[in-house]
Amino acid sequence: MGDDRLTPLEAAIIARAEAQHGLLRRSDLKELQLGRNALHHRLGNGRLLQLHPGVYALGHRAITREAEYQAAAWWCGGGTALGLQSAAVRKGWTFEDPDRVGPVHLVTLQQRPSRPGVGG
């Protein structure tokens with residue numbers, strides 16, 4: 001980013017998010033030693049936006065479809081894969097109407113209720 005005013009922590013957060021489709025997990029922020037109060041402060045001022053419990057976008061909600069897949073899979077946890085419909089779209093075997101993008105479909109071994117935009 002090149003902004004000399006960034007703290008080392010801010011630079012590390014940005015670098016991590018850039019490597020992960022603009023996304024961060026709570027575990028990423030803990031690893032970078034961002035405390036709970038700092039997390040709540042960033043959520044309050046819009047620098048982090050919660051997409052799912054423990055999954056955040058850095059700075060804005062205008063994320064790519066690939067990031068939506070990643071965020072949903074992170075929320076569901078280990079043993080999660082794209083469901084048939086989402087996987088077919090991702091591989092280019094079928095297409096989504098960009099004006100009517102459907103939910104991310106996942107298959108998971110975890111017990112998780114559906115959320116808006118994420119279905120089973």
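Reply: Helices (H or I, at least four residues) and strands (E, at least two) are DSSP runs, numbered from the N terminus. This is a predicted model: local features need pLDDT of at least 70, side-chain atom pairs count only at pLDDT 80 or more, and totals for chains, interfaces and linings use all residues. Residues are numbered from 1 along each chain as its sequence is written, and side-chain values use heavy atoms, with hydrogens and water left out.

Me: Ok, where does arginine 16 sit?
Reply: Arginine 16 belongs to helix 1.

Me: And what does the side chain of arginine 16 make a polar contact with?
Reply: The side chain of aspartate 28, at 3.0 Å. A polar contact is a pair of N or O atoms within 3.5 Å; within protein, one must be able to donate a hydrogen and the other to accept it, and residues adjacent in sequence count only if both atoms are side-chain atoms.

Me: Alanine 17 next: buried or exposed?
Reply: Alanine 17 counts as buried because its relative accessibility is 2%. Buried means under 20% relative accessible area, exposed over 50%, partly exposed in between (1.4 Å probe, protein chains only).

Me: How far apart are alanine 17 and leucine 58?
Reply: They're 41 residues apart in sequence, but 6.7 Å apart in space, C-alpha to C-alpha.

Me: Switching to helix 5: which residues are buried there?
Reply: Ser86, Ala88 and Val89, in the helix spanning residues 84-91. They're on the same side of helix 5 because they cover an arc of only 160° around the axis; the arc is that of the directions from the helix axis to the C-beta atoms.

Me: What's on the face turned away from that buried side?
Reply: The exposed residues Leu84 and Lys91.
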